[in-house]
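Hi,

Here is the structure I promised to pass on. Have a look at it first, and then read my notes below.

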Amino acid sequence: MSDYNSMDSIVVRLAGDSGDGMQLMGSQFIASTALSGKDFATFPDYPAEIRAPVGTTFGVSAYQMNIGTDPITTAGDAPDVLVAFNPAALKVSLPLLSSGALLIVNDDSFTTRNLTKAGYAEDPRESGELDSYQLVPVDIGRFNLEAVKPFGLSKSDGGRCKNFWALGLLMWMFDRDLSPIEDWIRQKFAKKEVIRDANLAALHSGNAFGETAELSEAIPRFKIRTAELPAGEYRGITGTEALALGLAAAGELADRPVLFCSYPITPASPLLHRLSRLGELGVGTFQAEDEIAAICAAIGASYGGVIGVTSSSGPGIALKTEAMGLAVIAEIPLVIVNSQRGGPSSGLPTKTEQSDLYQAVYGRNADTPIPVIAARSAGDCFFAAIEAVRIALRHMTPVMLLSDGYLSNAAEPWLIPDIGEIDPIEVNAPPQPDDTHGTQGMAFERNPETHGRPWITPGMPGLMHRVGGIEKDIDTGHISYDPENHQRMTDMRAAKVASVAKFIPSQTMELGPEQGELLVIGWGSTYGPIYQAVKEIRKTDSDVSYTHLRHLFPLPENLGALLGNFNQLFVPEMNMGQLSTVLRDKLGVDPTPFCKVTGQPFLISELVEKMQSMLPPVVVSAGKPVAKGEVR
Amino acid sequence: MTAMLSAKDFTTSQEVRWCPGCGDYAVLKAVTKTLAELGARPESTAFISGIGCASRFPYYVETYGFHTIHGRAPAIATGLKLANPDIDVWVVTGDGDALSIGGNHLLHALRRNVGLNILLFNNEIYGLTKGQYSPTSRRGTRSPSSPGGSVDAPLSPGQFALGAGARFFARAIDTDKIGLGEVLKEAHVFEGAAFTEIFQNCIVYNEDVFADFTDRKNAAEMQLRLRHGEPMLFGADNKKGIRFSTDNFSLEVIEATSAPDEVLRHDETNKGLAHQLVELTAPVALGVIYKSPGDSFEKSWYEPRKNGLKRSSSVADALRSTNTWTVT
């Protein structure tokens with residue numbers, strides 16, 4: 001039996017056909033990782049096709065995870081361990097691997113047919129292509145079928161257990177307790193006893209293989225030191241789960257129900273699925289006939305006094321645009337969640353991107369400002385959802401909450417927050433009915449600080465009024481085509497959104513001092529790789545600081561001054577430079593964008609390299625004017 | 001006890017801005033009168049409209065009102081009805097709003113049977129945008145966008161509704177106070193989506209398009225006023241009747257006096273009959289054509305939610321409804 005390799009962190013990638021159960025295997029392994037007290041981050045990377053043709057490179061589904069001691073914020077640049085279920089999975093993953101990586105390949109899948117499908121002219125196991133890796137071929141398919149033989153399953157049904165066989169082996173390699181997975185299998189397949197028992201047998205067989213097989217000399221074992229996380233009660237969480245619970249928490253904090261109205265779209269649908277099981281928390285869901293109906297029903301819900309929320313991804317958000325304008329002019333609270341994906345059009349439905357920032361900040365007809373915020377990590381989606389609802393109800397406005405495909409699926413360990421410590425969400429209470437001056441105008445007596453009008457809803461006696469998409473008089477609320485009034489209303493709508501900045505915290509630093517040579521500005525899900533990259537480069541005493549934006553519109557009031565303290569500004573984002581444009585527009589600065597739209601998250605190494613290239617040489621010629629980062 | 005309200009109590013201070021002589025005035029009057037007669041409460045009544053001449057309606061009714069965007073009123077009304085099923089929700093829409101840009105939402109509101117009173121003001125023309133042909137315009141309609149006459153086949157609101165799975169379909173004429181009032185009351189008590197087509201005369205862009213059956217002089221011969229369980233008689237002194245012809249599987253007009261036993265009795269629960277009735281052109285069927293009560297969408301939606309939308313457990317518990325571990 002081999003000794004343990006003790007280490008601080010390790011990156012593991014599972015890759016197979018989209019029908020091989022890679023996502024399930026990965027999420028189960030991560031669940032056990034969480035319970036063993038390690039920090040982790042994950043990156044599910046799967047194709048758009050539900051069942052792409054078997055054995056092809058475009059049908060490869062992968063689950064990458066980074067497990068470790070130090071704060072882990074990314075799924076890791078280069079995998080140290082790859083479990084490849086077929087030649088196509090090996091071919092797709094090979095360029096990503098770190099040198100000397102451990103390759104566990106499903107040996108019996110390397111048939112001529114599968115090699116051809118993957119585009120291999122020669123068997124890579126024999127061509128020398130894998131010489132620089134540690135290759136461990138295991139007949140996963142055959143061993144699994146032997147293990148499940150007693151249950152009388154067909155060859156194809158039995159074959160489906162092979163992810164559990166491989167999981168059993170992986171659990172042995174990482175010295176993990178099998179019981180949480182056994183519990184999960186028993187619960188999941190409670191009504192399908194044969195499947196349940198076959199999966200359990202496969203899991204145990206894979207585990208025992210590590211223990212007893214002659215080959216085990218070649219299979220290394222890993223011991224990852226326990227992470228030094230802040231004390232408290234933890235759970236694993238994905239962005240979808242956190243967002244769903246955050247919306248429910250916002251309802252609880254505001255003491256109002258939540259009605260979530262949505263139309264299925266990748267990668268936003270899991271939020272609908274999750275929320276449809278949260279009825280106990282005062283959440284209702286409505287699957288509408290289309291994207292437009294979804295936002296309209298959410299507007300109708302808010303008009304009726306519950307918190308209306310809609311959700312989609314970029315193309316669906318585009319369809320909702322007109323209705324957002326209605327919510328703006330009618331001064332109705334609403335939260336719009338955008339789980340961004342690669343575009344334009346249908347684009348890359350399952351791949352992540354941050355390219356809907358323009359759409360969020362600028363993308364409506366007329367002068368129609370909407371506050372925009374973004375979540376930075378899976379767990380942060382919880383707090384971002386609460387913040388979105390808080391702004392919507394305080395200012396009586398729609399709010400755009402940006403998430404993305406990566407955040408939706410990514411998992412991390414999460415310190416469970418104490419709901420009692422979060423400020424309640426206040427609503428603009430209705431006034432006392434007063435018969436003397438009619439009720440129409442009372443609906444539009446706005447709070448001078450927030451410009452939020454009272455949330456008067458059908459059913460409240462003595463407060464009947466009419467509201468709509470036509471411009472209304474700023475005082476009486478009646479239809480008005482008066483030119484001066486339209487100017488005042490447009491100014492009011494702008495002032496309303498601008499006033500959000502008075503209620504949000506000042507921008508603070510994630511890393512480094514508040515002045516210096518280079519400031520990295522991030523937003524959204526790039527938090528993980530940017531944080532690690534800046535931490536890395538700061539180890540070499542480089543003058544680099546890092547700040548990460550929650551509020552994208554309006555921006556925090558102190559942000560302009562903060563940016564002015566640096567010679568250079570650097571904005572890495574998964575689009576073609578959209579935040580750079582927004583900062584240039586709103587603050588008159590000139591950041592250097594770093595753009596990547598490959599559908600893959602940033603690598604730490606590429607960020608470090610770029611920052612290094614931006615830093616001035618040690619000796620700087622005197623008197624050279626600083627151009628970049630100067631505030632105009 | 002709250003005092004009975006009058007039609008005037010349901011009228012706002014806003015100056016009505018439809019063209020003088022527009023059929024909408026008559027509908028507005030009939031609706032406010034019906035609300036008063038039904039004992040409706042202004043605070044628990046909401047009028048939701050889309051875009052078009054008819055959609056100005058909410059501004060003139062002293063209840064809650066929401067003038068929304070083109071075609072989307074049924075979707076917004078659905079959200080309101082789910083948020084608060086106790087509200088009496090009326091949707092006011094026109095032929096372009098409901099059947100062109102908003103066709104999808106109307107279809108789904110009807111098949112879900114959402115508890116809405118949907119009033120379709122059908123004038124077979126786009127009035128607000130100045131007279132283009134609409135989805136219900138007859139073939140050959142000359143308009144600014146169809147100077148040579150439109151070539152589109154018109155949509156039948158009745159067939160659309162029945163095809164979508166509507167459980168209530170009725171028809172009335174804008175200026176027919178009694179007939180419209182009766183239909184509005186039936187629609188009001190119906191649980192689910194009650195869809196009423198109102199033949200509304202646009203005096204500017206499509207005047208007298210329905211005159212062949214709405215004019216007083218044509219009324220007797222051209223209007224078939226349906227009452228559940230009663231014989232389908234019309235014409236001067238009710239001399240004519242409707243019979244089902246087994247030869248060509250359709251309705252036909254007969255002399256009622258010569259074959260009184262062959263005259264059909266209206267059965268508003270018979271969908272096959274409803275499909276035939278909405279196709280009649282001479283006479284035109286009016287009143288409640290089809291009514292098939294069933295659970296409303298909101299009733300079914302709330303069925304498993306014993307506490308409504310009230311929370312019965314806390315997020316603090318939900319956050320721990322999975323494996324947790326403690327770091328010390």
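Two residues are in contact if their C-beta atoms, placed from the backbone, lie within 7 Å. The contact between the chains takes 58 residues from chain A and 49 residues from chain B. On chain B's side, H2(B) gives the largest share, eight residues. That side divides into 21 nonpolar, 20 polar and eight charged residues (nonpolar: Ala, Val, Leu, Ile, Met, Phe, Trp, Tyr, Cys and Pro; charged: Asp, Glu, Lys and Arg; polar: the others, Gly among them).

Before you go further: this is a predicted model, where local features need pLDDT of at least 70, side-chain atom pairs count only at pLDDT 80 or more, and totals for chains, interfaces and linings use all residues. Residues are numbered from 1 along each chain as its sequence is written, and chains are lettered from A in the order in which they are written.

Helices (H or I, at least four residues) and strands (E, at least two) are DSSP runs, numbered from the N terminus. Two strands pair if DSSP finds at least two bridges between them. An open sheet of three strands runs E16(A)-E9(A)-E14(B), with antiparallel pairing. Its edge strands are E16 of chain A and E14 of chain B. Four bridges join E9 of chain A to E14(B), and Gly232(A) stands opposite Val327(B).

Finally, look at helix H21 (residues 604-614) of chain A: its buried residues (20 or more other C-beta atoms within 10 Å of their own) are Ile604(A), Leu607(A), Val608(A) and Met611(A). What covers them includes helix H18 (527-538) and strand E18 (516-523) of chain A.

Best wishes

Definitions and conventions. Buried ≥ 20, exposed ≤ 12 C-beta atoms within 10 Å, placed from the backbone.
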